[in-house]
Amino acid sequence: MKYLEITGCEHLSGQVSISGAKNAALPLIVSSILAKNEVQIDNIPNVADIRTLFALLENLGAKYEFKDNHASINTATLKSTKALYDIVRKMRASILTLGPLLARFKECEVSLPGGCAIGQRPIDLHLLALEKMGAKIDIKQGYVIAKGELKGAQIIFDKITVTGSENVIMAAVLARGKTRLLNVAKEPEVVQLCEVLREAGADIKGIGGAELEIYGTDGELLNFKPFKVIPDRIEAGTYLCAGAITNSQISVCKADATHLSAVLEKFKQMGFGIELAGDIITILPAQEIKPVEIITSEYPSFPTDMQAQFMALALKANGTSIIDERLFENRFMHASELLRMGADIRLNGHIATINGGKPLNAADVMATDLRASSALVLAALAAKGVSRVHRIYHLDRGYECLEFKLKALGAKIERLEE
Ligand code: EPZ
């Protein structure tokens, strides 16, 4: 197995390019199931989750080419509507195929993704919404078996769900009649999906808001125009954290600062300077790194996907920071690994208290999920000595060329074999 060896306490400088957003690319690639033409997508990050999704589509019979961050996808050749456990278990987002497959073929079987390292992560809201649209759903042998012609309905999501919203939006664009969705996720990734579908001919009103009205095509497939995936706001935030935790000036380019308002605000509260110029965000060192209070919540609030990175950063603050994780019940797995580096972190349910300012020492640490892994890399950049971050396949799921990008900023980081 591969691991990362990181020599800490190096000053960083320079500029790094941000890749396309994994969490935008996933539903956008899946939306090709709704296409009558070959779909052309640019700026797709070449990360493990994306490759898993292409393997899933190929297994269903789709043809694709993925090269230099560009994909052409042809779903005219789809011959199966069964998303197999062997592929779905590698990536929860495979559940996104449920809505589009059902809408197009009127039946499908998608393996239940199961729990994961950050929490239980049920999909009950996806299923309830599709049932409300007329689907008959059974769970058999670990598979969601869905059948039926979808018709428009009014759906009020009990909780805001990102992939739940995306799944139902994709189902609704091919359904018969009008679907009204309330309490829809407003994440930029959901907004881009709606915009691309609208460009492809779907009738969607209210894009960017919490309420959407979708007039379905009654089974008629869409005609996609070529498009480019939005920048990855979480990757951008993670590199800005790398600058912050080493108190260095670095810039991220090809980023969209408007998607990062809550995160940039927290950097400022901690004493860092932020400069914006076009698609470039620069973080400037703090005179004194101040503690911070963070509550994770849905967009536009502070994202749970940046919580672990800010916990690592809070270790460098002069005082006590509080993080309240409101979205996932088990998303503090990085805390116990950070303790191995000398961190002082107390957990009480979904609240973490971080007493910053203690020296961090290098250690062997184990990655547990994608964002937890990036927090460990960040802590290693600030720790004295040589750390090793193990199980980095988690990182490879969502960060494209991580060690090359960090090296370009001057970090001492190597990928080695155990
Ligand atoms: C998406 O996951 C992202 N994944 C996650 O990113 C991200 O952490 C999360 O949204 C929150 O922003 C993708 O976009 C592929 P949710 P998702 O449904 O859609 C509860 C990363 O690191 N819920 O918005 O699965 C759920 O348990 C990943 O890139 C239900 O109760 O998250 C959670 O508490 C990890 N029933 C809350 O809603 C449901 O049917 C929000 O989850 C669905 C969700």
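This is a predicted model: local features need pLDDT of at least 70, side-chain atom pairs count only at pLDDT 80 or more; totals for chains, interfaces and linings use all residues.

I started with the backbone. Most residues other than glycine have a negative phi, and most peptide bonds are trans. I went looking for exceptions.

Gln141 is one of them: its phi is near 50°, a positive value in a residue other than glycine. Is Gln141 buried or exposed? I looked up its relative accessible area and got 80%, so Gln141 is exposed.

Cys401 also has a positive phi, near 55°, and again the residue is not glycine. I found Cys401 in the loop between α13 (393-396) and α14 (402-408). Its relative accessible area is 42%, so I put Cys401 down as partly exposed.

Then I checked the peptide bonds. The one from Tyr299 to Pro300 is cis, with omega near 10°. Pro300 sits in the loop between β18 (293-295) and α10 (307-314).

**Entry: the ligand**

Next I turned to the ligand. How many residues surround it? I got 23, and the closest are Asp124, Thr161, Thr163, Asp305 and Leu327. By type, the shell divides into 11 nonpolar, 5 polar and 7 charged residues.

Which helices supply at least two residues each to that shell? My list reads α1 (22-30), α5 (124-132), α6 (162-174) and α12 (370-382).

I then went through contacts to ligand oxygen atoms. Leu327 has a backbone N or O atom 2.5 Å from one. Pro122 also puts a backbone N or O atom by a ligand oxygen, at 3.3 Å. For Lys22 the atom is a polar one in the side chain, and the distance to a ligand oxygen is 3.1 Å. I looked up cover as well: the ligand taken alone exposes 830 Å², and the protein buries 90% of that.

Lys22 sent me back to α1, where I checked burial along the helix. α1 is mostly covered, with 8 of its 9 residues buried. Lys22 itself is on the buried list, along with Ala24, Ala25, Leu26, Pro27, Leu28, Ile29 and Val30.

**Entry: aromatic rings**

I searched the whole structure for aromatic pairs and found 5. For Phe267 and Phe272, the ring centres are 6.3 Å apart and the planes are at 85°, so I logged this pair as edge-to-face. Both Phe267 and Phe272 are buried.

Phe267 turned up again with Phe310. That pair is tilted, at 4.9 Å centre to centre and 45° between the planes. Phe267 lies in helix α9 (residues 261-269) and Phe310 in helix α10, so the pair ties together parts that are 43 residues apart in sequence. I checked burial here too: Phe267 and Phe310 are both buried.

What does the cluster with Phe267 in it contain? I have Phe267, Phe272, Phe302 and Phe310 forming one aromatic cluster.

**Entry: charges**

I found Lys82 over the face of Tyr143, at 4.7 Å from the ring centre.

I also looked up Asp344, in strand β20 (residues 344-348). Why do I list Asp344 as buried? Its relative accessible area is 15%, and buried means under 20%. The side chain of Asp344 makes a polar contact of 2.9 Å with the side chain of Lys358.

**Entry: two distance checks**

I finished with two C-alpha distances. Glu195 and Leu174 are 21 residues apart along the chain, and their C-alpha atoms are separated by 15 Å. Glu195 is in helix α7 (residues 188-199). Its relative accessible area is 35%, so Glu195 goes down as partly exposed.

The other check was Leu240 against Leu56. They are 184 residues apart in sequence and 33 Å apart in space, C-alpha to C-alpha. Leu240 belongs to helix α8 (residues 233-245). Its relative accessibility is 0%, so Leu240 counts as buried.

Notes
Residues are numbered from 1 along each chain as its sequence is written. Side-chain values use heavy atoms; hydrogens and water are left out. A residue is near a molecule or strand if one of its heavy atoms lies within 4 Å of it. A polar contact is a pair of N or O atoms within 3.5 Å; within protein, one must be able to donate a hydrogen and the other to accept it, and residues adjacent in sequence count only if both atoms are side-chain atoms. Accessible areas come from the Shrake-Rupley method with a 1.4 Å probe; for residues, only the protein chains shown count as cover. Helices (H or I, at least four residues) and strands (E, at least two) are DSSP runs, numbered from the N terminus. Ala, Val, Leu, Ile, Met, Phe, Trp, Tyr, Cys and Pro count as nonpolar, Asp, Glu, Lys and Arg as charged, and the others, Gly among them, as polar. Buried means under 20% relative accessible area, exposed over 50%, partly exposed in between (1.4 Å probe, protein chains only). Rings of Phe, Tyr and Trp (its six-membered ring) pair if their centres lie within 6.5 Å; planes under 30 degrees apart count as stacked, over 60 as edge-to-face and the rest as tilted. A charge sits over a ring if NZ of Lys or CZ of Arg is within 6 Å of the ring centre and within 35 degrees of the ring normal.
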